[in-house]
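Please look over the model below and follow the report alongside it.

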Amino acid sequence: MACGVPVVASAVGGLLAISVAPPHQRAGAGRALLDVAVGALGRAGAGEIRLWVLAGNAPARRFYERSGFVADGAQDTFRVERPDGTPVDLLEVRYAIRLPAGADPAAADPPGHRPADRARC
């Protein structure tokens with residue numbers, strides 16, 4: 001199963017999550033989700049898209065970099081708890097991509113990935 005969640009605030013869109021189940025990774029599902037999310041955010045008026053990635057998640061960072069996202073220098077921490085309740089702060093880095101002005105994001109949606117064709121997750 002795969003799920004992507006786009007959010008737009010003013011002219012900056014945020015991608016909250018793309019998750020692909022391990023048996024389906026490296027088969028194009030993540031790329032398809034990202035393409036759909038970028039298209040949806042562009043149609044909603046975003047001129048820039050930002051997302052956060054754990055600094056140690058090299059495969060995800062490479063995925064976004066291959067897709068045109070660039071680390072913009074912003075960093076933050078994401079707090080999780082171990083099973084014993086001990087907090088752990090994980091370093092996150094922010095990536096961003098500028099969408100071309102005047103581009104028609106719908107034209108970039110591949111067949112089967114247009115708004116009417118996709119199911120909500």
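Glu 48 touches Ala 11, Val 12, Gly 13, Ala 96, Ile 97 and Arg 98, leaving aside residues up to four places away in sequence. The model is a predicted one. Glu 48 sits in strand β3. Its side chain makes a polar contact of 3.4 Å with the side chain of Arg 98. Glu 48 has a relative accessible area of 13%, and buried means under 20%, so Glu 48 counts as buried.

Glu 81 lies in strand β4, which covers residues 70-81. Is Glu 81 buried or exposed? Its relative accessible area is 61%, and the cut-off for exposed is over 50%, so Glu 81 is exposed. Leaving aside residues up to four places away in sequence, Glu 81 touches Thr 86 and Pro 87.

Next comes helix α2. The helix spans residues 58-66, and its buried residues are Ala 60, Phe 63 and Tyr 64. Viewed down the axis of α2, these buried residues fall within an arc of 90°, so they line one face of the helix. What do they pack against? The partners are β2 (12-20), α1 (29-43) and β3 (48-54). The face turned away from the buried side of α2 carries the exposed residues Pro 59 and Arg 66.

Both ends of the helix deserve a look. At the N-terminal end, Asn 57 caps α2. One of its side-chain oxygens lies 3.2 Å from the backbone nitrogen of Ala 60. Just after α2, Gly 68 takes a positive phi of about 100°.

Last, the empty space. Rolling a probe the size of a water molecule over the atoms shows where such space is left. The largest pocket holds about 760 Å³. Which residues are closest to its centre? They are Ile 18, Pro 59, Ala 60, Phe 63 and Tyr 64, out of 27 lining residues. Ala 60, Phe 63 and Tyr 64 are also the buried residues of α2, while Pro 59 is on the face of α2 turned away from its buried side. At least two lining residues come from each of β2, α1, β3 and α2. By class, the lining has 16 nonpolar, six polar and five charged residues.

Key
Residues are numbered from 1 along each chain as its sequence is written. This is a predicted model: local features need pLDDT of at least 70, side-chain atom pairs count only at pLDDT 80 or more; totals for chains, interfaces and linings use all residues. Side-chain values use heavy atoms; hydrogens and water are left out. Buried means under 20% relative accessible area, exposed over 50%, partly exposed in between (1.4 Å probe, protein chains only). Helices (H or I, at least four residues) and strands (E, at least two) are DSSP runs, numbered from the N terminus. The arc is that of the directions from the helix axis to the C-beta atoms. Contact means heavy atoms within 4.5 Å. A polar contact is a pair of N or O atoms within 3.5 Å; within protein, one must be able to donate a hydrogen and the other to accept it, and residues adjacent in sequence count only if both atoms are side-chain atoms. On a 1 Å grid over the protein atoms alone, a cavity is a set of points where a 1.4 Å probe fits but cannot get out, and a pocket is an open set with protein on both sides within 12 Å along at least five of seven lines; lining residues have an atom within 4 Å of a point. Grid points are joined across faces, edges and corners, and a volume is the space filled by probe spheres set on the points. Ala, Val, Leu, Ile, Met, Phe, Trp, Tyr, Cys and Pro count as nonpolar, Asp, Glu, Lys and Arg as charged, and the others, Gly among them, as polar.
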